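Welcome! Here is a friendly briefing to read alongside the sequence and the 3D view.

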Amino acid sequence: MIEAQGLTKRYGDRTAVDGISFSVHPGRVTGFLGPNGAGKSTTMRMLLGLDRPTAGTVTVNGRSYADFPAPLRQVGALLEARALHPGRSARDHLRWMAASNGLAVRRVDEVLDMVGLTDVAGQRVGRFSLGMGQRLGIAVALLGDPPVVVLDEPVNGLDPEGIRWVRTLTRRLAAEGRTVFLSSHLMSEMALTADHLVVIGRGRILADCSMADFIAQHAASYVRVASPQRGEVADLLRSQGLDVAVHGDELRVQGLDAAAVGELVGRSGLLLHELTLVRSSLEDAFMTLTATSVEYSARQQTPAGAPR
Amino acid sequence: MIDTVALDPHRNVPGVRRPGFTHTLHAEWIKFWSVRSTAWSIVALVVLGAGLTVLVCATSADDLADGSAGEAAGSFITWGMTIAQITAIVLGSLVVTGEYGTGMIRATLTATPHRARVLAAKALVLTGTLFVVGTVTAVLGYLGGNWFLEQEGIGLGLGDDGVLRALLGSGLYMAGIGLFAAAVGLLVRHTAAALSIVLALILVLGNMVVLLPGAWGEWATKLMPGNAGGAVATPVSFNPNLLDPWVGFGVFCAELAAVGLIGYLVFRRRDA
């Protein structure tokens with residue numbers, strides 16, 4: 001369990017994380033979502049004791065990260081930027097980490113095998129592809145068999161097979177009863193992996209709820225209707241108090257499911273060519289919610305040199 | 001609330017539950033030896049330190065013997081160490097700045113959040129290695145260089161004034177100057193910057209402050225870290241106006257402690 005209480009980080013006069021409170025529970029995958037610069041990585045660095053909070057606390061199972069005698073046994077972390085020396089072999093990197101926390105050397109071979117790097121363990125990591133580097137980062141996170149796993153952008157640079165592997169792995173870690181805290185920019189991937197979401201924007205928590213609730217609240221699904229008698233159908237549905245929007249040739253109806261819309265139109269003898277329930281995606285919901293808190297928006301260009 | 005499976009409390013990665021300083025030390029030892037720059041620096045230290053000593057003794061032995069050099073043989077018997085210190089500075093700096101340049105420092109501090117412990121382990125690995133390698137190098141240089149001096153009848157015995165002290169002092173000074181570079185590296189977090197600062201301080205400024213007027217120049221020369229600390233590494237200094245070897249080394253240790261303390265205080269507070 002990870003708990004943040006009034007967690008704040010200021011750099012000079014810029015507030016990166018603004019008094020956030022949230023908790024991440026065991027047994028499920030909690031996704032950490034937010035636009036670039038929203039404060040995700042800063043929050044994760046404070047969680048790992050790398051950055052000192054300006055105010056507030058963040059604890060893992062009730063203790064500060066720095067208070068664990070063998071932190072790798074408590075929290076496994078994959079950091080976004082590669083925290084590796086390019087001249088060291090993968091095996092040596094894991095060896096020193098294992099040594100620092102008093103873990104047996106054979107655990108190194110176990111995790112190398114788990115992430116599929118056994119054959120290249122002796123190679124210098126500078127020669128690794130992005131995907132191999134990510135696998136090594138995941139090996140580091142699993143080294144101490146920790147009850148809490150924090151993964152910052154774990155699928156970055158992975159091929160489709162690797163992405164699927166990370167998804168299966170994170171789901172399995174959560175199913176084993178571990179606390180899994182995961183950030184990713186890939187919405188479709190997050191939608192498949194996470195059960196719960198913490199959404200951050202401009203250093204504040206915008207949402208902390210289940211995946212299903214989040215989508216339902218922030219991007220409603222609708223029924224797509226196509227008809228040669230579009231105008232009449234729209235009038236009919238509106239007369240029933242439904243919300244109807246016209247998009248080109250189609251109508252988007254909210255407030256009823258597809259079957260009910262079909263029956264309503266059928267009873268009045270109008271023709272239908274298409275009737276589809278369109279479920280909104282996590283991406284839609286995320287875009288709706290964060291539209292106002294994107295730091296670098298393509299549309300609102302700040303002049304060069306202007307203060308952010 | 002979802003039903004959660006409790007994580008098996010009996011799952012166990014073999015090893016100790018409460019690792020201590022020896023584990024941090026072991027980790028730093030593995031880190032130190034698993035990058036190529038360490039081996040290269042040490043080979044360079046031995047080759048330069050012993051090789052140049054032998055070379056200057058071989059080429060100067062006759063001038064030293066007939067007095068035309070105007071210097072004591074004792075000034076030459078560990079001469080290579082004055083050049084070899086550059087490799088100790090490079091190694092010391094890289095031990096710290098190498099971690100900042102690559103982002104490794106974040107892995108180091110997630111593994112061992114106790115920052116003082118990390119620094120102590122790094123310092124011990126670095127100084128221990130440099131002391132041993134520095135002493136061995138000085139002994140090798142002495143054995144090789146003294147062979148040429150003996151040919152001219154001006155060989156130095158281990159029991160001669162300052163010789164044994166200079167051999168051990170070479171190891172001490174290599175350890176000290178490497179640690180000094182590491183401390184500066186901790187402050188500037190950048191390899192090129194750390195090297196420039198330390199090399200300029202030791203090799204350039206150390207020889208230029210004598211240009212300051214009067215007693216200022218005299219004392220600045222005595223107190224510059226390379227001059228104060230380096231005297232212990234040679235039986236006879238070229239410069240007769242330096243502090244006594246052990247007094248100088250004490251001053252050097254005090255300077256080292258000051259820079260090290262500032263480095264630690266900054267490191268403790270700074271975000272990684």
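How many helices and strands does chain A have? Chain A has ten helices and 13 strands, where helices (H or I, at least four residues) and strands (E, at least two) are DSSP runs numbered from the N terminus. This is a predicted model, in which local features need pLDDT of at least 70 and side-chain atom pairs count only at pLDDT 80 or more, while totals for chains, interfaces and linings use all residues. Residues are numbered from 1 along each chain as its sequence is written, and chains are lettered from A and ligands numbered from 1 in the order in which they are written.

**Chain A as a whole**

- The C-alpha trace of chain A spans about 75 × 45 × 40 Å along its principal axes.
- Chain A has 308 residues, and 45% of them count as buried; a residue is buried if 20 or more other C-beta atoms lie within 10 Å of its own, exposed if 12 or fewer, and partly exposed in between, with C-beta atoms placed from the backbone.
- Among contacts in chain A with a separation of 6 or more, 69% link residues 24 or more positions apart. Two residues are in contact if their C-beta atoms, placed from the backbone, lie within 7 Å.

**Strands and sheet in chain A**

- Strands of a sheet pair through backbone hydrogen bonds, either parallel or antiparallel.
- Strand E1 (residues 2-11) and strand E2 (residues 14-24) of chain A pair in the antiparallel sense over seven bridges; two strands pair if DSSP finds at least two bridges between them.
- E1(A) and E2(A) form a hairpin with two residues between them, and A:Gly12 in the turn has a positive phi of about 60°. Within this pair, A:Ala4 stands opposite A:Phe22 in E2(A).
- An open sheet of six strands in chain A has mixed pairing and runs in the order E5-E6-E7-E3-E8-E9. Its edge strands, E5 (75-78) and E9 (204-210), each pair on one side only.
- From one strand to the next, the twist averages 15°.
- Strand E3 (residues 29-33) and strand E7 (residues 179-183) of chain A run parallel and are joined by four bridges. A:Thr30 stands opposite A:Phe181 in E7(A).

**Helices on the sheet**

- Helix H7 (residues 211-218) of chain A lies across strands E8 (196-201) and E9 of chain A, running at about 115° to E9(A). Axes are lines fitted to C-alpha atoms, for helices over the stretch in contact, and angles run from 0 to 180 degrees between N-to-C directions.
- Helix H10 (residues 282-290) of chain A packs on the sheet and touches E3, E8 and E9 of chain A, with its direction making about 150° with that of E9(A).

**Where chains A and B meet**

- In chain A, 44 residues are in contact with 35 residues of chain B. Helix H2 (residues 90-100) of chain A gives the largest share of the chain A side, six residues.
- By class, the side of chain A that touches chain B has 22 nonpolar, ten polar and twelve charged residues. Here Ala, Val, Leu, Ile, Met, Phe, Trp, Tyr, Cys and Pro count as nonpolar, Asp, Glu, Lys and Arg as charged, and the others, Gly among them, as polar.
- The axes of H2(A) and helix H1 (residues 21-33) of chain B come within 7 Å and cross at roughly 165°. That makes H2(A) roughly antiparallel to H1(B); angles under 35 degrees count as roughly parallel, over 145 as roughly antiparallel, 65 to 115 as roughly perpendicular and the rest as oblique.
- Residues making this contact include A:Trp96 and A:Arg95 of H2(A) and B:His23 and B:Ile30 of H1(B).

**A helix pair in chain B**

- The axes of helix H6 (residues 163-188) and helix H10 (residues 245-269) of chain B come within 9 Å and cross at roughly 25°. That makes H6(B) roughly parallel to H10(B).
- By class, the contact of H6(B) with H10(B) has 16 nonpolar, four polar and one charged residues.

**Two residues with positive phi**

- Most residues other than glycine have a negative phi.
- A:Asp145 has a positive phi near 50° and lies in the loop between helix H4 (130-142) and strand E6 (148-152) of chain A.
- B:Arg189 has a positive phi of about 60°, and its place is in the loop between H6 and helix H7 (191-208) of chain B.
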